[in-house]
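Student: I have a new structure to get through and would like to talk it over. Can you put it up?

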Amino acid sequence: MTATSRTGPTSSASTTAPRLEARHLTVRFGGLIALRDVCLQVPAHSITGLLGPNGAGKSTLFAVVSGLLRPTAGSVLMDGRDVTRTSPQKRAGLGLARTFQHPELFSSLTVREHVELAHRIRHAKRRLWSDLITGRGFLPQPAEEKSRVDELVGALGLTSVQHRSVTGLPLGTARLLEVARALAVDPGVLLLDEPSSGLDPRETEELAGTLRRVVSDHGVSLLMVEHDVELVLGMSDFVHVLDFGVKIAEGTPAQIRADPAVRAAYLGEEIAPTDFRRPVTEQGEPA
Ligand SMILES: Nc1ncnc2c1ncn2[C@@H]1O[C@H](COP(=O)(O)OP(=O)(O)OP(=O)(O)O)[C@@H](O)[C@H]1O
């Protein structure tokens, strides 16, 4: 775990309807139950953290809420609308964006072009076709696009590198670009998959500050899966903890810190009861 000092949550969770909600999700892979009856809410203008040791079910939950995996049971709602059977593309259109643990960038594009492309995909799809036919940049850039891209590039601290190719970009900068690109589609909820993976403590600290500003300035909600427990507890308004596919704790960072089940999951301390957290097959046998 990386010990970094952080100033605390950006905002308190809103009392309005959640932007994203998982209701009683269960996922079975053959006989293995990867998620068992897991519920989770991402309120508006908030940072929600998802913690859990290796194999806890975090990636599975992310895959279900982003639409890559259909749950065995349970449902996913966006702004109260059931999207359980809605494709990832349609969920994106409804305001769900995500970043990946390993940034997927196009080596032939500059930093700025990545943000422009994402903005066009959301706001000016027809322009993409004309770009393909005419060769990019033949048409003048609309003022609204330019100012939005300027704003995002500035907000993520990318102005000084905006015209350089992404080839050889430091990982920390590549992650900031991923966030800028995700925000260019104006999402209501941004899913962050291991945002600090591969970053040193200073880069992690910078990223945390930027993400907090993103929530307060852009009105987006974050759901963050992260191995860096201190990062999650330092940034989140509310935290959920999985272990062996079961939600073992939820609460404010202070509540999570004090929770004996969480400490046991991470530190191997003894707690009782022990057996409810073991992975089991449908027949109730140890997996
Ligand atoms: N496609 C799959 N087929 C079979 N089992 C799977 C599949 N994907 C995940 N699992 C199993 O489901 C359980 C949960 O895995 P998952 O990857 O969601 O955990 P995680 O919390 O993301 O772990 P990590 O932190 O190591 O990435 C694990 O036991 C894993 O082996």
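Student: Where does valine 185 lie?
Tutor: Valine 185 is in the loop between H6 and E7. Helices (H or I, at least four residues) and strands (E, at least two) are DSSP runs, numbered from the N terminus. Before going on: this is a predicted model, in which local features need pLDDT of at least 70 and side-chain atom pairs count only at pLDDT 80 or more, while totals for chains, interfaces and linings use all residues. Residues are numbered from 1 along each chain as its sequence is written.

Student: What does valine 185 touch?
Tutor: Not counting residues up to four places away in sequence, valine 185 touches Ala92, Ala97, Ala118, Ile121 and Arg122. Two residues are in contact if their C-beta atoms, placed from the backbone, lie within 7 Å.

Student: How many residues apart along the chain are valine 185 and arginine 122?
Tutor: They are 63 residues apart along the chain, and their C-alpha atoms are separated by 5.3 Å.

Student: Why does valine 185 count as partly exposed?
Tutor: Because 18 other C-beta atoms lie within 10 Å of valine 185. A residue is buried if 20 or more other C-beta atoms lie within 10 Å of its own, exposed if 12 or fewer, and partly exposed in between, with C-beta atoms placed from the backbone.

Student: What about aspartate 186, where is that?
Tutor: Aspartate 186 lies in the loop between H6 and E7. Aspartate 186 has 16 other C-beta atoms within 10 Å, so it is partly exposed. Its phi is near 50°, a positive value in a residue other than glycine.

Student: Now the helices. At what angle do H6 and H7 pack?
Tutor: At about 10°, with the axes of helix H6 (residues 171–183) and helix H7 (residues 201–218) 10 Å apart. Axes are lines fitted to C-alpha atoms, for helices over the stretch in contact, and angles run from 0 to 180 degrees between N-to-C directions. H6 and H7 are therefore roughly parallel; the label is for angles under 35 degrees, with over 145 counting as roughly antiparallel, 65 to 115 as roughly perpendicular and the rest as oblique.

Student: Which residues make that contact?
Tutor: H6 contributes Gly172, Arg175, Leu176, Val179 and Leu183, and H7 contributes Glu203, Leu207, Thr210, Val214 and His218. By class, there are 5 nonpolar, 3 polar and 2 charged residues in the contact. Ala, Val, Leu, Ile, Met, Phe, Trp, Tyr, Cys and Pro count as nonpolar, Asp, Glu, Lys and Arg as charged, and the others, Gly among them, as polar.

Student: On to the sheet. In what order do the strands come?
Tutor: The order is E6-E7-E8-E3-E9-E10, an open sheet of 6 strands with mixed pairing. Two strands pair if DSSP finds at least two bridges between them. Strand E6 (96–98) and strand E10 (246–251) are at the edges with a single partner strand each, so one side of each has no neighbour in the sheet. On average, neighbouring strands are turned by 20° against each other, direction ignored.

Student: How many bridges join E7 to E8?
Tutor: There are 5, between residues 189–193 of E7 and residues 221–225 of E8, and the two strands run parallel. Leucine 191 has leucine 223 in E8 as its bridge partner.

Student: Which strands does H1 lie across?
Tutor: Helix H1 (residues 58–66) lies across strand E3 (47–51), E6, E7, E8 and strand E9 (238–243), and runs at about 150° to E7.

Student: How many residues of E9 are buried?
Tutor: 6 of its 6 residues are buried. On one face these are Phe238, His240 and Leu242, and on the other Val239, Val241 and Asp243.

Student: And E9 with its partners: parallel or antiparallel?
Tutor: E3 and E9 run parallel and are joined by 4 bridges, whereas E9 and E10 pair in the antiparallel sense over 5 bridges. In E9, valine 241 is the bridge partner of leucine 51; valine 241 also stands opposite alanine 249 in E10.

Student: How many residues sit between E9 and E10?
Tutor: The hairpin has 2 residues between the strands, and phenylalanine 244 in the turn has a positive phi of about 50°.

Student: Last one. Is methionine 78 buried or exposed?
Tutor: Methionine 78 counts as buried, because it has 21 C-beta neighbours inside 10 Å. Methionine 78 is found in strand E4 (residues 73–78).
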